[in-house]
Amino acid sequence: MATVSPLAKPRTVLDALARRTFLISSWPWRALLYGLSTGPMTLLFGLPFGFCLLPLAVLVNRVVHGQTSDLGLVAAFSVFGMLLFLSAGPAWAAVVAGVERQRLRMVDLNPVTVPFGPASEPGWWPRMRARYTEPASWRELGYAVLLCTAIPALYAVAGMVALFAVVLAASPLLVNANDTISIGFTEVSTPGGAVPYALAGVVLLVLSGYLLSGCAGLHAMLARALLTDSAAEKLRGELTEVSQSRTRLLSAFDAERKRIERDLHDGAQQRLVGLSLQLGLAKVDLPPDSAAAKAVSDAHDQAKKLMVELRELINGIHPRALAELGLPAALEELADGCAVPVTVDVAVPSRLPEPVESTAYFVVAESLTNVAKHSAASCASVTAKIVGRLLTIEVWDNGAGGADPTRGTGITGLSDRVAVLGGRMWVRSPVGGPTVVRAELPC
């Protein structure tokens, strides 16, 4: 499970409540604005619902008080009001939900996902059908009802506590020498006698800030539960975690690759150089025509060949040209080492992030290796340029085509690596050619 750092900025008012700096942050004011704006929303959206349900309220009142006059007419109006509520309610609740999702940003900075379903299909009938068949529509209606009933009562409790705290805090100013005032549970007749209550009012006023923010946080939790697609948000969170883990794995792989390159360069290669020098000195000391001299000479030649192969291996693990000179020089070096003539056109004005340069390099390296081994091409080209915020790489050859990325793991592995960085990769290789490998990497 992902954990949130204590130093991370809170994303919701409930998260902010646990911070010591809560009262001096913007969150209490956000909660106050959210609570105050709930009142107008309740009146605005509650009037149509009240109009529909008013006959039902009259009917219940008459039944409770035993009034039977015109009871049938009232019952008929009640049934009509309920039908009107159930038919027009989901459509009106959609308007309520749209406004409430926007208001939710006052106290909840997390992304809001709108429930997705058949309503997105073209045509008025699929949208109308979805409005009355999707569970999300009826959740929106349930939230609209709560917005007009229970939620205002929640804020009313917090408001009464805050108002009582203000009265206590201002009690020394409200008392005069000839009169007493009642502050709920007692009476005060002098300003001096009201001072303790004023201090208690200041403390209660501070606590009421927490109470109001808690009410706003509960309201926001209810709105998120009923008005957003929690499954989609959970999936988005899981995909984000997977993407981050893939990035961490790529970074760990690059770090391990550099460590192997450094160990080979500083360890095995240096020992091999020393061995080659010792064999060379030994060959000089031996008689030229002796069997020992021939054996030492063969070992010396093998050591030199092994040095060349090891140097190529080290360069393949972590190209020196790429690390020291950047992508243009590294691609030029790849083109010079290819068995097929390659034209290079690189328009990259500055150094790019290391993962981007490394991935671009290996895309070109794998592509040119395939050109030399399988394409029977007579020429090829490499193009790299910055388009907007993307590094676009294209490798073209005039070979026989027919390349299938599913047959091998080279291109597939590179495609996965490009995807880790948020990029895309395509291979277009019709039979008869030409073959084009194209990759786009955010930079």
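Residues are numbered from 1 along each chain as its sequence is written, and side-chain values use heavy atoms, with hydrogens and water left out. Because the model is predicted, local features need pLDDT of at least 70, side-chain atom pairs count only at pLDDT 80 or more, and totals for chains, interfaces and linings use all residues.

The protein has 14 helices and seven strands. Helices (H or I, at least four residues) and strands (E, at least two) are DSSP runs, numbered from the N terminus. Of the 443 residues, 34% count as buried. Buried means under 20% relative accessible area, exposed means over 50%, and partly exposed lies in between (1.4 Å probe, protein chains only). The protein exposes about 25,700 Å². Carbon and sulfur atoms supply 66% of that area. Accessible areas come from the Shrake-Rupley method with a 1.4 Å probe; for residues, only the protein chains shown count as cover. Among contacts between residues at least 6 apart in sequence, 69% join residues at least 24 apart. Contact means heavy atoms within 4.5 Å.

Five strands form an open sheet with mixed pairing, in the order E3-E4-E5-E7-E6. Strand E3 (342–347) and strand E6 (424–428) stand at the edges. Each has a single partner strand, so one side of each is left without a neighbour in the sheet. Neighbouring strands are turned by 10° against each other on average, direction ignored. Axes are lines fitted to C-alpha atoms, for helices over the stretch in contact, and angles run from 0 to 180 degrees between N-to-C directions. Two strands pair if DSSP finds at least two bridges between them. Strands of a sheet pair through backbone hydrogen bonds, either parallel or antiparallel.

Strand E4 (residues 380–387) and strand E5 (residues 390–397) pair in the antiparallel sense over eight bridges. Within this pair, Ile386 stands opposite Leu391 in E5. Two residues separate the strands of the E4 and E5 hairpin, where Gly388 takes a positive phi near 65°. E5 is also joined to E7 by eight bridges, and these two strands run antiparallel. Here Leu390 has Pro442 of E7 as its bridge partner. E6 and E7 pair in the antiparallel sense over five bridges. Arg428 is bridged to Val436 in E7. The hairpin of E6 and E7 has six residues between the strands, and Gly432 in its turn has a positive phi of about 95°.

Angles under 35 degrees count as roughly parallel, over 145 as roughly antiparallel, 65 to 115 as roughly perpendicular and the rest as oblique. The crossing of H12 and H13 is right-handed. A crossing is left-handed if the near helix is turned anticlockwise from the far one by less than a right angle, and right-handed if clockwise. H12 contributes Leu327, Ala330, Leu331, Leu334 and Ala335 to the contact. H13 contributes Glu357, Ala360, Tyr361, Val364, Ala365 and Leu368.

Helix H6 (residues 150–169) and helix H8 (residues 191–227) pack at an angle of about 165°, with their axes 7 Å apart. H6 and H8 are therefore roughly antiparallel. Their crossing is left-handed.

Two single residues complete the description. Glu100 lies in helix H3 (residues 71–103). Glu100 counts as buried, at 0% relative accessibility. Beyond its neighbours within four places in sequence, Glu100 is in contact with Tyr34, Met41, Tyr143, Leu147, His219 and Leu227. Ala376 sits in the loop between H13 and E4. Ala376 is exposed, with a relative accessible area of 73%. Phi of Ala376 is near 55°, a positive value in a residue other than glycine. Most residues other than glycine have a negative phi.
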